[in-house]
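The entries follow in the order of looking.

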Amino acid sequence: LGGAMTAVTLRVGGLAAEWDRTGLIPLDLLRELGAEGRLCAEVPEQYGGWGLSSTHSGAYTAHVGGLCSSLRSVMTSQGMAAWTIRRLGTAEQAAVHLPRLTGGALAAVGFSEPGAGSDLAAMATTVRRDGDEVVVDGHKKWVTAAHYADLLVVVGRHEDGAVAVVVPADAPGVRIERIADPLGCRAAGHADVHLDGVRLPADSVLGGHPLPPALLVTTALAYGRMSVAWGCVGILRACLAAATAHAAGRRQFGKPLAEHQLVAGHLADLYTAEQVASRVCEHASRSWDEGSPDQVVATVLAKHVSATEAARGAATAVQVLASAGSRDGHAVARAYRDAKLMEIIEGSSELCRLMLAQHALSAPG
Ligand code: FAD
C-alpha cells in the first residue's frame, strides 16, 4: 500500500491547485490511474482490481483525499459504480463491466434529480421495458465525474420498484452538461445528465429485476459514504499538517504563533478532529471487513462525523494560516471549499442525523 501511495503522490505532485484552478484533471492521467486499478481499489483481483479490504482502501482513500479532493471524488464515483455492479449485477454483468473499470474506462453514478435530492423516493427517471430493450428517460443532476465518464450507472423507476442500469455515455439520447462553477472539488467533473429515450439492451439492467427503491439506494450509497468519510480524514490530515507547520514557523508578538494559547487551542481542536474522524472510519471499515451487522449505522456515523469535522477543521486551518491560507491556490483554502461539500453529498448532515436518531430510537437498551 505504501508503494501505491507514493506512486499517486508522485503523479499528483503539486498539481492539485492547478487542477482546481482549471477545473479539470487531465483525462489521460485519469485513464492511466484507472488502468492501474487505482480508482477502485476494492474490486477483486479476478476482475483486474487490487482486492483491498475496506480498511486498506480507506487508508489509501485518505491519502488521496489529503492530496486532492477532486481526484478522490472521481475515485469515489468509480468505486461506487464498481460496488453497485458487484452488489446488484449478475456474475455475467460483473465479468463484463468490472474489468472495464479496472482497465481505464471511467464511471459515474446518477441518483439525484431536479425534484429528488435528499428525497430520492421522488425520483422520476424511468427505465421502461420494450421487447429486448429498455428505454431510459430522465434528468440526473450534479453527477460527480460524469464529465469524464465512459459509462454511467443510472438509477430509475422500473415496474414496481427501482433498478440501476449501465448506460454508455455516448449512447444516442445521452447529453452530459458540465457544471463549470462548483464551490469545491472543482476538477471532479460534476455534470447534469439528460437521458432522452435512451435505448439499451435489456441486460443493461443490473440484476435484471427491480428492487425496493430504498434498498437499492442504500446499497449503492454505502460505498460512497465510506469513501467520502475517508476522504475527509485526508482533508483533516492535510489541514493539520499545514496548520502546525505554519504555527510553528511564523512569529507574532515575539514568539511562534503556536505559543499563543488561543492558536494552540486551534491546533488541539484540529488534532482532535483528525483523531476522532480516523477512529470512526477505522471502526466502520472494520465492520465492513468483518461483515458485521453494525456496518450500515457505522458507515453513516463515519460519514457524518468525518464530514462535519472536516468542514470545521478546514475552517480552523484557514483561521490559523490567516492571510497565508486565504488564496485559492493554497491547500487549506481548497480544503475549506471542498470540505463544505462533504456535508451535502452521499446523504447530507441532516439526513445522516435523521438516520442516526432512528437507529438510537430502535437500538435496544
Ligand atoms: P435538498 O434535498 O433540496 O436539501 C436542502 C437542504 O434541506 C439540505 O440541507 C438538506 O439536508 C435539508 N433537508 C432536506 N430534506 C430534509 C429532511 N427531511 N429533514 C431535514 N433536512 C432536510 N448526486 C448524484 O446522484 N451523484 C453524484 O455523484 C453526486 N455528486 C455530488 C457532488 C456534489 C459536490 C454535490 C454538491 C452534489 C452531488 N450530488 C450527486 C447531489 C447530492 O446528492 C444532492 O445535492 C444531495 O442529495 C442534496 O440534495 P439537494 O441538493 O437537492 O438538497
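I looked up Arg337 and found that this residue counts as buried at 9% relative accessibility (buried is under 20% relative accessible area, exposed over 50%, partly exposed in between, with a 1.4 Å probe and protein chains only). Arg337 sits in helix 10; helices (H or I, at least four residues) and strands (E, at least two) are DSSP runs, numbered from the N terminus. Leaving out residues up to four places away in sequence, I listed the contacts of Arg337 as Asp20, Leu183, Gly184, Arg186 and Asp328, contact meaning heavy atoms within 4.5 Å.

Note on the source: this is a predicted model, in which local features need pLDDT of at least 70 and side-chain atom pairs count only at pLDDT 80 or more, while totals for chains, interfaces and linings use all residues. Residues are numbered from 1 along each chain as its sequence is written, and side-chain values use heavy atoms, with hydrogens and water left out.

Next I looked for disulfides (a pair of cysteine sulfur atoms within 2.5 Å), and the search of the whole structure gave 0. I checked Cys185: its sulfur is 8.2 Å from the closest cysteine sulfur, in Cys68, so the pair is too far apart for a bond. Cys185 is buried, at a relative accessible area of 1%. For Cys281 the closest cysteine sulfur is in Cys232, at 7.8 Å, again too far for a bond. Cys281 is buried as well, at 0% relative accessibility.

Then I went to the open spaces. The search runs on a 1 Å grid over the protein atoms alone: a cavity is a set of points where a 1.4 Å probe fits but cannot get out, a pocket is an open set with protein on both sides within 12 Å along at least five of seven lines, and lining residues have an atom within 4 Å of a point. Grid points are joined across faces, edges and corners, and a volume is the space filled by probe spheres set on the points.

The largest pocket comes to about 1,100 Å³. I noted 45 lining residues, with Ser112, Gly117, Leu221, Glu346 and Gly347 nearest the centre. Elements that each give at least two residues to this lining include strand 1 (107-110), helix 7 (213-249) and helix 10 (331-342). Helix 7 has the largest share, 7 residues. By type I recorded 25 nonpolar, 14 polar and 6 charged (Ala, Val, Leu, Ile, Met, Phe, Trp, Tyr, Cys and Pro count as nonpolar, Asp, Glu, Lys and Arg as charged, and the others, Gly among them, as polar).

The second largest pocket holds about 200 Å³. Helix 7 again provides the largest share of the lining, 5 residues. Among the lining residues are Trp83, Arg87, Trp288 and Gln295.

The largest cavity has about 100 Å³; 15 residues line it, and Gly66, Ala238, Ala331, Arg334 and Ala335 are the closest to its centre. Helix 4 (54-67), helix 7 and helix 10 each supply at least two of the lining residues. The lining divides into 9 nonpolar, 4 polar and 2 charged.

Last, I looked at strand 1. Ala107 and Val109 on one side, and Ala108 and Gly110 on the other, are all buried. Strand 1 runs parallel to strand 4 (residues 151-158), joined by 4 bridges; two strands pair if DSSP finds at least two bridges between them. Opposite Ala107 stands Leu151 of strand 4.
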